[in-house]
Amino acid sequence: MATAHSQTLRISSLSSSSSLSLPSKLPLSSAFSVSFRSSRRASRPLVVFVSAGLDAKPTVLVAEKLGEAGLKLLKEFANVDCSYNLSPEELCTKISLCDALIVRSGTKVTREVFESSAGRLKVVGRAGVGIDNVDLAAATEHGCLVVNAPTANTVAAAEHGIALLAAMARNVAQADASVKAGKWQRNKYVGVSLVGKTLAVMGFGKVGSEVARRAKGLGMNVIAHDPYAPADRARAIGVELVGFGEAIATADFISLHMPLTPATNKMLNDETFAKMKKGVRIVNVARGGVIDEDALVRALDSGIVAQAALDVFTVEPPPKDSKLIMHEQVTATPHLGASTMEAQEGVAIEIAEAVVGALKGELASTAVNAPMVPSEVLTELQPYVDLAEKLGRLAVQLVAGGSGVKTVKVTYASARAPDDLDTRVLRAMITKGLIEPISSVFVNLVNADFTAKQRGIRITEERIILDGSPESPVEFVQVQIANVESRFASAISDSGEIKVEGRVKDGIPHLTKVGSFDVDVSLEGSIILCRQVDQPGMIGKVGSVLGQENVNVSFMSVGRIAPRKQAVMAIGVDEQPSKETLKKIGEIPAVEEFVFLKL
């Protein structure tokens, strides 16, 4: 038994005038071309021939220094332009010739950059963790994926945080400068011990949790504040999650590890410093903007903050006359958090792999402006992602020219609980399949919902909950387009919608239903759909035509209403048949209609 659990996603309620329509000449990206051929029989729809063009190697602009290992990976796949220290104007000029951009923290990737790219820029790679120098809203609107390298420099940043923590507590930098100046001031530089002290880790992500592990090893009592961190992960390493107020009020040391966002901008200010324990010590290896630097100087002068160890600043490099930098109780380093040889190479490789993967159309687990899906979930969903996109492509190619695609219903059948199946990735890929074949826009996980909304497409999702063991995430996926005419009449279901359905078999996407007809054909290469009178020899006749033209058949399946009635034949082909070959198929007397669909 199966029960239906309906979950509707309203992406848009725009009028039909702004719906996705299929004109007689389909505007395609440079990778596709389309031509039409009409059948001699008036009852048959147009046959669509879609061919893939050959793309040149993509161009990647590397705007800041990147490790050689990363550059080597990029050069194996793309043309690489290493142009450092570009002005904003120079970057905007260059970007229209680039498919990808790689930056560190110094380059601002603004809305103007995305607008100047004129739609060509497909991915921005941030070689590091923080992405506050990239305008994510503009990237999303322009369909540009933003990926970062969140793991390679995690240990390096955590180690630097601990190094600053210990150096600050023992006055290492000040004592070193004193000795080199010919002084011997042992009494002046008496430090404080770390063991038994309370460290508040503000931001319990990858770096923050690694700092916490190391601080526990030093005998510190570690608490953490992060509204998004799971409590069980904190408990696993002996850390207690507390509220912001409790963290800053009880800590002897505070280590900052949060990103710079509107919510965290100047989070440490006069008001928050006033709530801290007198003599608190602060470490910042995250982002300079999370501290109001003028307020920190006042807190240092008043003794509320005993010392600060800073690797990052609001303006980098900071002014030479900065009161903060020159303060005797401040230890400063020039943004060295990720600056180890191992981390630099690791970050270069990680970001290069992410950018190349994104340019290939692969799912990116490090995407920051797309649904954040764990890598193990992406691995499990990969064949279903392929299935989703191909079902979208098939469905939209079945829509007759001039019809407006306004309403799309997607149904997932699964034995898993609703909370255990995140369909955002699948929905995005169905949207990609629906829109890209008939539009010049590039659709990905980033802008799928935004692009559908722009085009007035309303997508609803329904889940059919199946009984049994949830070994696979999805049993089948069904795509229906309502209120349209079809160029292949048999694709219209009993309820009046174009309907295609598929499932994954042995890791390969299969088309299993067209309209009301059951079929079974691998979604590899392309597909010919034929409706014919169900009679002996039809498979042989069609196969013979294709064989004579040296078109290899990968799969062939026939679904029928009843013996000797109507049947639909689905034929998977490795090569694109010529127009003459398809014409010969159409001239077989028992064939009533047919269509060629390019995947």
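# Briefing on a predicted protein chain

Of the 599 residues that make up the protein chain, 51% count as buried. The structure is a predicted model, and its secondary structure comes to 18 helices and 27 strands.

**Confidence of the model**

- The pLDDT of the protein chain averages 84, and 87% of the residues score at least 70.
- Over residues 1–19 the pLDDT stays under 50, and for this stretch the model has 52 contacts beyond four places in sequence.
- The pLDDT is also below 50 over residues 21–54, a stretch that has 93 contacts in the model beyond near neighbours in sequence.

**The five-stranded sheet**

- Five strands form an open sheet with parallel pairing, and their order across the sheet is S6-S5-S7-S8-S9.
- Strand S6 (79–82) and strand S9 (145–148) stand at the edges with a single partner strand each, so one side of each has no neighbour in the sheet.
- Averaged over this sheet and with direction ignored, neighbouring strands are turned by 20° against each other.
- Strand S5, which covers residues 59–62, runs parallel to S6 and is joined to S6 by four bridges; in this pairing Leu61 stands opposite Asp81 in S6.
- S5 also runs parallel to S7, with three bridges joining the two strands, and here Val62 stands opposite Ile102 in S7.
- S7 is in turn joined by four bridges to strand S8 (residues 123–126), again in parallel, and Val103 stands opposite Arg126 in S8.

**Side chains of strand S7**

- In a regular strand the side chains alternate between the two faces of the sheet.
- In S7, Ala100 and Ile102 point one way while Leu101 and Val103 point the other way, and all of these residues are buried.

- Helix H1, made of residues 68–77, lies across S5, S6 and strand S7 (100–103), and runs at about 140° to S6.
- Helix H2, made of residues 88–95, likewise lies across S5, S6 and S7, and runs at about 170° to S5.

**The seven-stranded sheet**

- Another open sheet is formed by seven strands with parallel pairing, in the order S12-S11-S10-S13-S14-S15-S16.
- Its edge strands are strand S12 (240–241) and strand S16 (330–332), each of which pairs on one side only.
- Strand S10 (residues 198–202) and strand S13 (residues 253–256) run parallel and are joined by four bridges, with Met202 standing opposite Leu256 in S13.
- Helix H11, made of residues 293–302, lies across strand S15 (305–310) and S16, and runs at about 140° to S15.

**Cysteines**

- A search of the whole structure for disulfides finds zero.
- Cys82 has 34% relative accessibility and therefore counts as partly exposed, whereas Cys530, at 1% relative accessibility, counts as buried, because the cut-off for buried is under 20% relative accessible area.

Terms used
Residues numbered from 1 in each chain as written. Predicted model: local features only at pLDDT ≥ 70, side-chain atom pairs only at ≥ 80, totals over all residues. Heavy atoms only, no water. Buried < 20%, exposed > 50% of the residue type's maximum accessible area, 1.4 Å probe, protein only. Pairing = 2+ DSSP bridges. Axes fitted to C-alpha atoms, helices over the stretch in contact; angles between N-to-C directions. Contact = heavy atoms within 4.5 Å. Disulfide = S-S within 2.5 Å. pLDDT = per-residue confidence, 0-100.
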